[in-house]
Amino acid sequence: MEQTVSMRIDGTDQKVVVDTRTTLLDALRERVGNTSPKKGCDHGQCGSCTVLLDGRRHLTCLALAVAHDGAEIVTASGLAAEGDEGDLHPVQQAFLAHDGYQCGYCTPGQVCSAVGVIEEAKQGHPSHVSADLEADVDLDDDEIRERMSGNLCRCGAYVGILDAVREAAGR
């Protein structure tokens, strides 16, 4: 069974016809042609498919496209468009400055997750390692590591990723 789904993807309204079993990841990559989110494990374990879905980071390989009719989706490609005249997003710039990538495969998911992590901390959402659940969140290294733990880098660029998130968060 097919259904038409409307989404705003990286600032552009899209209508996509999908089988009701199609994941959001497959809809983005195969129907829309947006290859920024990567297909890694297809089980929600690696984070390479992470995007910002209605402002929150989300694994697209675990989401059905039909469940997100009307959603606002921002991929790593769309983050750059939010800056002045296509400038890089501050998180993307920090990844470049700190070599927070090697092969680059996981980078779009890492970048979207980092943007989400910083926003979650600004909103005061605690994590598993937060000492005080009611205090303002301090994005120290332990907090960043915990919050980014769902995004794997097979090349081991974790030191650069940590430095990039720390810089983008203003630490």
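Two strands pair if DSSP finds at least two bridges between them. The model used in these exercises is predicted.

**Exercise 1. Pairing of β5**

Work out which strands pair with β5, and in which sense.

Solution. Start with strand β1, residues 2–9: its pairing with strand β5, residues 71–74, is parallel and runs over three bridges. Within this pair, Met7 is opposite Ala71 of β5. Next take strand β3, residues 50–53: β3 and β5 are antiparallel, with two bridges. Here Leu53 faces Ile73 of β5 as its opposite residue. Two bridges meet the cut-off of at least two.

**Exercise 2. The setting of Asp19**

Decide whether Asp19 is buried or exposed, and find what surrounds this residue.

Solution. First locate the residue: Asp19 belongs to strand β2, residues 12–19. Then apply the cut-off, under 20% relative accessible area for buried. Asp19 has 17% relative accessibility and therefore counts as buried. Leaving aside residues up to four places away in sequence, Asp19 is in contact with Met1 and Glu2. Finally, look at the side chain: a polar atom of the Asp19 side chain lies 2.8 Å from the backbone nitrogen of Arg21.

**Exercise 3. The buried side of α6**

List the buried residues of α6 and name elements that cover them.

Solution. Helix α6 spans residues 158–168, and its buried residues are Gly160, Ile161, Leu162, Ala164 and Val165. The cover over these residues includes α3 (90–97), α4 (107–122) and α5 (141–147). To finish, go past the end of the helix: Gly170 follows α6 and has a positive phi, near 80°.

Key. Residues are numbered from 1 along each chain as its sequence is written. This is a predicted model: local features need pLDDT of at least 70, side-chain atom pairs count only at pLDDT 80 or more; totals for chains, interfaces and linings use all residues. Side-chain values use heavy atoms; hydrogens and water are left out. Helices (H or I, at least four residues) and strands (E, at least two) are DSSP runs, numbered from the N terminus. Buried means under 20% relative accessible area, exposed over 50%, partly exposed in between (1.4 Å probe, protein chains only). Contact means heavy atoms within 4.5 Å. A polar contact is a pair of N or O atoms within 3.5 Å; within protein, one must be able to donate a hydrogen and the other to accept it, and residues adjacent in sequence count only if both atoms are side-chain atoms.
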